[in-house]
Amino acid sequence: MRNIIVGIGEILWDVFPERKVLGGAPANFAYHTSQFGFNGYTISAVGNDSFGKEIIDSLEEKKLNYLIETTEFPTGTVQVTLDENGIPQYEICENVAWDNIPFTSQTASLTQNTVAVCFGSLAQRSKVSKESIRSFLNAVSDDCLKIFDINLRQHFYTKALIEESLNLANILKINDEEVVIVANLFGWNGLSEKDVCLELMKSFNLNLVILTKGTEGSFVYNHKEWSFHPTPKVQVADTVGAGDSFTATFVAAYLRGKSIVESHQLAVEVSAFVCTQHGAMPTLPESYLKLFNK
């Protein structure tokens with residue numbers, strides 16, 4: 001049975017002033033899909049160092065499947081500071097292990113049973129990882145969901161990179177800050193957020209566009225309908241990984257045959273819960289898993 005969902009790209013430590021937590025959008029995504037009963041896999045690379053060993057130990061503890069190569073480059077870290085609203089600001093180290101993810105025979109064999117794969121722009125900042133990500137995307141079956149979680153960070157993207165990635169995807173996940181950046185890059189400054197999303201869907205033959213707007217709610221668009229849900233008011237611990245849990249929950253529910261509206265509702269509720277927890281990979285309460293299996 002094809003039951004594998006892959007997050008491919010960066011894996012790292014988010015280093016806060018008082019602690020460090022396992023992070024990286026693809027790994028966060030894979031972890032949350034695994035909580036919903038899929039065979040989640042993260043594909044990345046670490047260094048031959050204590051941080052790398054700790055990542056492997058953490059993945060083992062969380063029972064998340066992985067294809068993580070050990071490289072001669074240091075394990076990735078991100079210095080994270082939170083503003084007064086709990087919104088993270090990132091300082092991302094360069095020339096690290098996840099910039100050098102190899103495409104191995106094991107990676108290639110995983111593509112045969114992959115039903116969804118999530119990738120972003122950040123891990124494509126280096127030639128090695130970009131080629132591996134694209135090799136994976138080109139090898140999966142035609143009906144595989146290919147989610148481009150655009151995830152724009154610092155200066156690690158270009159218009160060309162975004163265009164190439166959109167052409168490889170069939171679902172786009174974008175937030176309200178990123179939609180402004182993309183509109184500027186494509187010369188669509190006069191368009192509303194909704195029209196930018198619809199233009200992206202039309203221009204790049206996407207099936208779905210997911211737009212998250214923090215406390216202002218979220219939208220899901222396809223060619224026939226759209227869905228809006230407000231964001232629940234919760235006591236925020238931090239928002240790290242909330243978007244990844246949203247994407248993972250939506251994809252998992254959608255693959256299980258739930259409607260766009262149902263998948264969206266569940267994604268909103270799970271991501272709100274993640275905001276109440278420290279770190280990107282909290283264990284979900286049983287109540288959410290019961291909602292998923294209804």
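**Entry 1. The loop between β9 and α5**

I began with Q154, which lies in the loop between β9 and α5. The model I am reading is predicted. I looked up the backbone of Q154 and noted a positive phi of about 45 degrees, although Q154 is not a glycine. I then asked how accessible Q154 is. Its relative accessibility is 38%, so Q154 counts as partly exposed, given that this class runs between the 20% and 50% limits.

The loop between β9 and α5 also holds N151. I recorded a phi near 50 degrees for N151, again a positive value in a residue other than glycine. Is N151 buried or exposed? N151 has a relative accessible area of 10% and is therefore buried, since the limit for buried is under 20%.

**Entry 2. The sheet of 9 strands**

I next traced the strands on either side. An open sheet of 9 strands runs in the order β5-β4-β1-β8-β9-β10-β11-β12-β13, and its pairing is mixed. Which strands stand at the edges? They are β5 (65-71) and β13 (226-229); each has a single partner strand, so one side of each lacks a neighbour in the sheet. From one strand to the next, the twist averages 15 degrees.

β10 and β11 pair in the parallel sense, over 5 bridges. L172 stands opposite V209, a residue of β11.

I then looked for helices that lie across the strands. α5 lies across β8 (114-119), β9 (145-149) and β10, and runs at about 155 degrees to β9. Helix α8 (residues 242-255) lies across β1 (4-8), β8, β9, β10, β11 and β12 (218-221), and runs at about 165 degrees to β9.

**Entry 3. T114 in β8**

I selected T114, which is in strand β8. The relative accessible area of T114 is 0%, so T114 is buried. What surrounds T114? Leaving aside residues up to four places away in sequence, T114 touches R2, I4, V6, F136, V140, S141 and C144. A polar atom of the T114 side chain lies 2.7 Å from the backbone oxygen of L110.

**Entry 4. Helix α6**

I turned to helix α6 (residues 176-186) and asked which of its residues are buried. They are E178, V179, V182, A183 and F186. Why do these residues lie on the same side of α6? They cover an arc of only 140 degrees around the axis, which puts them on the same side. I then looked for what covers the buried residues of α6, and found that the cover includes α5 (159-168), β10 (171-175), α7 (193-203) and β11 (208-212).

I inspected both ends of the helix as well. At the start of α6, a side-chain oxygen of N175 comes to within 3.1 Å of the backbone nitrogen of E177. After α6 comes G187, with a positive phi near 70 degrees.

**Entry 5. The sheet of 4 strands**

I found a further open sheet, of 4 strands, in the order β3-β2-β6-β7, with mixed pairing. At its edges stand β3 (20-23) and β7 (88-92); each has a single partner strand, so one side of each is left without a neighbour in the sheet. With direction ignored, neighbouring strands of this sheet are turned by 30 degrees against each other on average.

I went through the pairs. Strand β2 (residues 12-15) pairs with strand β6 (residues 76-82) in the parallel sense, over 4 bridges. Here L12 stands opposite G76 of β6, and W13 stands opposite T77 of β6. In which sense do β6 and β7 pair, parallel or antiparallel? They pair in the antiparallel sense, over 5 bridges. The bridge partner of V78 in β7 is I92. The hairpin of β6 and β7 has 5 residues between the strands, and in this hairpin G86 takes a positive phi near 80 degrees.

**Entry 6. Cysteines**

Lastly, I searched the whole structure for disulfides and found 0. How far from C197 is the nearest cysteine sulfur? That sulfur belongs to C118 and is 16 Å away, and C197 is in no disulfide; the cut-off for a disulfide is 2.5 Å between the sulfur atoms. C197 has a relative accessible area of 0% and is buried, whereas C93, at 31% relative accessibility, counts as partly exposed.

Terms used:
Residues are numbered from 1 along each chain as its sequence is written. Side-chain values use heavy atoms; hydrogens and water are left out. Buried means under 20% relative accessible area, exposed over 50%, partly exposed in between (1.4 Å probe, protein chains only). Helices (H or I, at least four residues) and strands (E, at least two) are DSSP runs, numbered from the N terminus. The arc is that of the directions from the helix axis to the C-beta atoms. Contact means heavy atoms within 4.5 Å. A polar contact is a pair of N or O atoms within 3.5 Å; within protein, one must be able to donate a hydrogen and the other to accept it, and residues adjacent in sequence count only if both atoms are side-chain atoms. Two strands pair if DSSP finds at least two bridges between them. Axes are lines fitted to C-alpha atoms, for helices over the stretch in contact, and angles run from 0 to 180 degrees between N-to-C directions.
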